[in-house]
Amino acid sequence: DTYVIDMSMYQDIRKEDSSDGTDQDQHDLSDNNESPFVRMKVLSRNNRAREAIVVVNSGTREDELEYFLTTNNLALKTVTAGGIFSLGGMTSNDVHGGSIKNGIFAETCAGFDIMLWDGSIIKIREDDPIREDGFRPIQFARVNLGLLGIVTRVFVKCDFRLKQESLQGRMAYINTTIADEFVVAFKDFVDHDRLECFYNPYSGGFMPLMWDLTNDFDQTGNPNKPPEPSMSTIEHAFDNLYGSPLQGLFFK
């Protein structure tokens, strides 16, 4: 029998490549570095759209990716409710969190490398041709529940990171059982660039938090500094956190 072990789910194999990527008007997802040992790197930057593509090893945790992005002046398009989940798990099974503009996290991924049962790799990209049935291959790769194979690399679309002063906030509260009042209120709320809404099941009220983005502070604002990741992937494994314990020759 042949067994495939995805070591990217367990440990860092080599130090992250902190390349700034290439400046260009359109993204090129043809990563010429076929080495599986590069954990994450900036593949390209689109200055016109203020967007970048970052290629990430599927075993990388979300908090580790966020720290890497901040050091490269980038940010995730959609913030999830996790932090310690792997990118492979986040895209194969989905995680809570989304935005009006970008949807769930998997919708912000522009490509996947997936290992099949025989060890071969298929590459699925957002710009692949539409199939005869009208579907794009990327639609099946996002939240594929593991049916396509083992996700080994994920191509994530990221925003240029904003400064602390770039977010202009607003908060509201609405408590109504009248549908028309609810619709009128939320038509105003969704006009903002970003929106999060919380519902209180005890009082029945909604509390929307809204932000608008401004570029006025791109050169003069204070940077958003991330916290250091609390533990490495190896430390998580040894302490049996967030998943099944590793067992075998070196793990008891």
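**Figure 1. Glu126 and its salt bridge with Arg142 in the predicted model.** Glu126 is partly exposed, with a relative accessibility of 29%. Salt bridges with shared partners join Glu126 to a single network that also holds Glu107, Arg142 and Lys157. Within the predicted model, the side chains of Glu126 and Arg142 form a salt bridge with an N to O distance of 3.0 Å.

**Figure 2. The salt bridge between Arg142 and Glu107.** The side chains of Arg142 and Glu107 also meet in a salt bridge, at 3.4 Å from N to O. This pair links distant parts of the chain, 35 residues apart: Arg142 belongs to the loop between helix H3 (137-141) and strand S9 (150-160), whereas Glu107 belongs to the loop between strand S6 (103-104) and strand S7 (109-115). Arg142 has a relative accessible area of 12% and is therefore buried, the cut-off being under 20%. Glu107, in contrast, is partly exposed at 38% relative accessibility.

**Figure 3. The salt bridge between Glu51 and Lys77.** In total, the structure contains 12 salt bridges. One of them pairs Glu51 with Lys77, whose closest N and O atoms are 3.1 Å apart. Because Glu51 is part of strand S3 (residues 51-57) and Lys77 is part of the loop between strand S4 (74-76) and helix H2 (87-93), the pair ties together parts that are 26 residues apart in sequence. Glu51 and Lys77 are both buried. In general, side chains of opposite charge can pair when their charged atoms come close.

**Figure 4. Buried and exposed residues of helix H4.** The buried residues in helix H4 (residues 179-189) include Ala185, Phe186 and Phe189. Viewed down the axis of H4, the buried residues fall within an arc of 95°, so they line one face of the helix. Asp180, Val184 and Lys187 are exposed and are carried on the face of H4 turned away from its buried side.

**Figure 5. Strands covering the buried residues of H4.** Strand S10 (167-171), strand S11 (194-199) and strand S12 (206-213) are among the elements that cover the buried residues of H4. The covered residues include Ala185, Phe186 and Phe189, which are buried in H4.

Methods: Residues are numbered from 1 along each chain as its sequence is written. This is a predicted model: local features need pLDDT of at least 70, side-chain atom pairs count only at pLDDT 80 or more; totals for chains, interfaces and linings use all residues. Side-chain values use heavy atoms; hydrogens and water are left out. A salt bridge is a side-chain nitrogen of Lys or Arg within 4 Å of a carboxyl oxygen of Asp or Glu. Helices (H or I, at least four residues) and strands (E, at least two) are DSSP runs, numbered from the N terminus. Buried means under 20% relative accessible area, exposed over 50%, partly exposed in between (1.4 Å probe, protein chains only). The arc is that of the directions from the helix axis to the C-beta atoms. Contact means heavy atoms within 4.5 Å.
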